Amino acid sequence: MPRRKRNAGSSSEGTEDSDFSAEHTDSSESDVHTVRNTRLTRSSLRLSRNSQDIKQSADHDESPPRTPTGNAPSSESDIDMSSPNVSHDESLAKELSLKESGLAHRPKRRRFHESYNFNMKCPTPGCNSLGHLTGKHERHFSISGCPLYHNLSADECKVKASSRDKHVEERTLSQRQDENRHSARQQAQTERQLRYKEKVTEMRRKRNTVPLKEQKDKYTEHRQTHGSSREPLLENITSDYDLELFRKAQARASDDLEKLRLQGQVTEGGNMIKSIVFGRYELDTWYHSPYPEEYARLGRLYMCEFCLKYMKSQTILRRHMAKCVWKHPPGDEIYRKGAISVFEVDGKKNKIYCQNLCLLAKLFLDHKTLYYDVEPFLFYVMTEADNTGCHLVGYFSKEKNSFLNYNVSCILTMPQYMRQGYGKMLIDFSYLLSKVEEKVGSPERPLSDLGLISYRSYWKEVLLRYLHNFQGKEISIKEISQETAVNPVDIVSTLQSLQMLKYWKGKHLILKRQDLIDDWKTKEAKRGSNKTIDPTALKWSPPKGT
């Protein structure tokens, strides 16, 4: 049978096979079957030869291609290429196509968890951030998960984790067996439970209550060498059984913190508290506050809204609230009208409370620099009372002896009470104290952005109210200052911003703009008298020495 010549223009073997089959369309079924088998055999032979060439070229390479992390590519790509449902010829054809496109040996990229930031480091001196107290993670970034801080190694943590898991499985299995045996709700202790109880009692009895001299020297040397950068040695402080329970609780708490960090609720290593739980509110913070590092790295703090103590977890807060006897700020209540009260707190007498208050305020203030030196200051804390206690609304502080007559050093309204009139009440109360002291006051500079807006709005209302009630023809800045206790500089700047101060024929004139006064009267009528300070409700006399 003469064979048709191959065309000069054809370059693919598939073209030759298609021409060959087209020329013999009139053959019998057996001939067609033979041709198809021959064609399949030729195709398989060509593909197998090409695959051998690929393997030989790969063997001649000096080293296999490596991933960006420095590891050789895994064999998962080869497994994906040839699934059980794909024939041998098709898999070889895919290899050829990948070779031609340059993708046959593309390295598989290893992906780490997106939450791992390798620029973060554990704060424990000498720690390389490897390992975890739980034994389940490869890295840690906080003291709570540091094996070195807990006087352990990463391998020891893994061994303890496996023993804990084994113990949990055994306990779960035994509990299921006990449940199957006893279906009654009130049942006696099983033999296993009795044996375990006797074992625990024996372990606690064996503890040596009097530490030896070598142990005491060892504890002292450890404390002098590492100080607070390491956990104290806990051996022989209690029984081995209780110490193991404590270690389990530490590992469990560290595991919970790690889960929160991976979920994005905790940002360890950022030194930035992103939210606080304060009473029934969860508040997002605005600025950095210098809390201790072990608290700042958590990302979220839990605070008692009465004593302002800060804690690490909801469980600690719940236990604290069950014991905390505070229902209002310390100090003297000098003002009360309705549910609003103001307490005067001396920074020297209540140092811890005032420091916690300053740290809390720094989360929402940009220019605050006072944190721990609170003794020269008085703090005036405004609260709103209900059946659970007096809740913090805001506060302002002032120096006991201010040579520049500053009546406010720092002022803050809590975010949940902003835009409700409480900020102006605090400002009005500070000027009320200045009037009682018979002084002219002014806030300490620089003011925060929100503070500047609040003060300008307050000064505007004070001036418009004074001009509305003024019936004379001549008025002076000094008279306004003495009547309102506002500094003359603040009065002039406010008049200029309202375009009520003009210079004419060598004199400064104050223009009484009736349109501004009418707008103020309308807003005052809508607002009502709920958010105003009543001078008659103040029970206070200036402290001695001021």
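## Salt bridges

In this predicted model, the count of salt bridges comes to 13. One of them joins the side chains of Glu-437 and Lys-398, with a distance of 3.4 Å from N to O. Glu-437 belongs to helix H12, whereas Lys-398 belongs to strand S8, which covers residues 389-399; the pair therefore ties together parts that are 39 residues apart in sequence.

## Helix H12 against helix H13

Two packed helices are described by the angle between their axes and the distance between the axes. Helix H12 covers residues 422-437 and helix H13 covers residues 449-469; their axes come within 10 Å and cross at roughly 65°. The crossing of H12 and H13 is right-handed.

On the H12 side, the residues in contact are Lys-424, Ile-427, Asp-428, Ser-430 and Tyr-431. They meet Ser-454, Tyr-455, Ser-457, Tyr-458, Trp-459 and Glu-461 of H13. Sorted by class, the contact of H12 with H13 has five nonpolar, three polar and three charged residues.

## Helix H13 against helix H16

H13 also packs with helix H16 (residues 514-527), at an angle of about 105° and with the axes 10 Å apart. Angles of 65 to 115 degrees count as roughly perpendicular, and H13 and H16 are therefore described as roughly perpendicular to each other.

From H13, the contact includes Glu-461, Leu-464, Arg-465, Leu-467 and His-468. Their partners in H16 are Leu-516, Ile-517, Trp-520, Lys-521, Glu-524 and Arg-527. The residues of the contact of H13 with H16 divide into five nonpolar, one polar and five charged. Glu-461 of H13 takes part in the contact with H16 and is also listed in the contact with H12.

## Helix H14 against helix H15

Helix H14 (residues 477-484) and helix H15 (residues 488-497) have axes that come within 9 Å and cross at roughly 115°. H14 and H15 are therefore roughly perpendicular to each other, and their crossing is right-handed.

In H14, the residues Ile-477, Ile-480, Ser-481 and Thr-484 meet Pro-488, Ile-491, Val-492 and Leu-495 in H15. By class, this contact of H14 with H15 has six nonpolar residues, two polar residues and no charged residues. An α-helix has 3.6 residues a turn, so residues three or four places apart point the same way.

## The length of helix H7

Helix H7 has 14 residues, numbered 213-226; at 1.5 Å a residue it should span 20 Å, and its end C-alpha atoms are 20 Å apart, which agrees. Just after H7, Gly-227 has a positive phi of about 65°.

## Backbone exceptions in two loops

Most residues other than glycine have a negative phi, and most peptide bonds are trans. Arg-419 is not a glycine, yet its phi is positive, at about 60°. Arg-419 is found in the loop between strand S10 (410-413) and H12.

Arg-445 and Pro-446 are joined by a cis peptide bond, with omega at about 0°. Pro-446 is found in the loop between strand S11 (442-443) and H13.

Notes:
Residues are numbered from 1 along each chain as its sequence is written. This is a predicted model: local features need pLDDT of at least 70, side-chain atom pairs count only at pLDDT 80 or more; totals for chains, interfaces and linings use all residues. Side-chain values use heavy atoms; hydrogens and water are left out. Axes are lines fitted to C-alpha atoms, for helices over the stretch in contact, and angles run from 0 to 180 degrees between N-to-C directions. Helices (H or I, at least four residues) and strands (E, at least two) are DSSP runs, numbered from the N terminus. Angles under 35 degrees count as roughly parallel, over 145 as roughly antiparallel, 65 to 115 as roughly perpendicular and the rest as oblique. A crossing is left-handed if the near helix is turned anticlockwise from the far one by less than a right angle, and right-handed if clockwise. Contact means heavy atoms within 4.5 Å. Ala, Val, Leu, Ile, Met, Phe, Trp, Tyr, Cys and Pro count as nonpolar, Asp, Glu, Lys and Arg as charged, and the others, Gly among them, as polar. The expected span of a helix is 1.5 Å times one less than its number of residues. A salt bridge is a side-chain nitrogen of Lys or Arg within 4 Å of a carboxyl oxygen of Asp or Glu.
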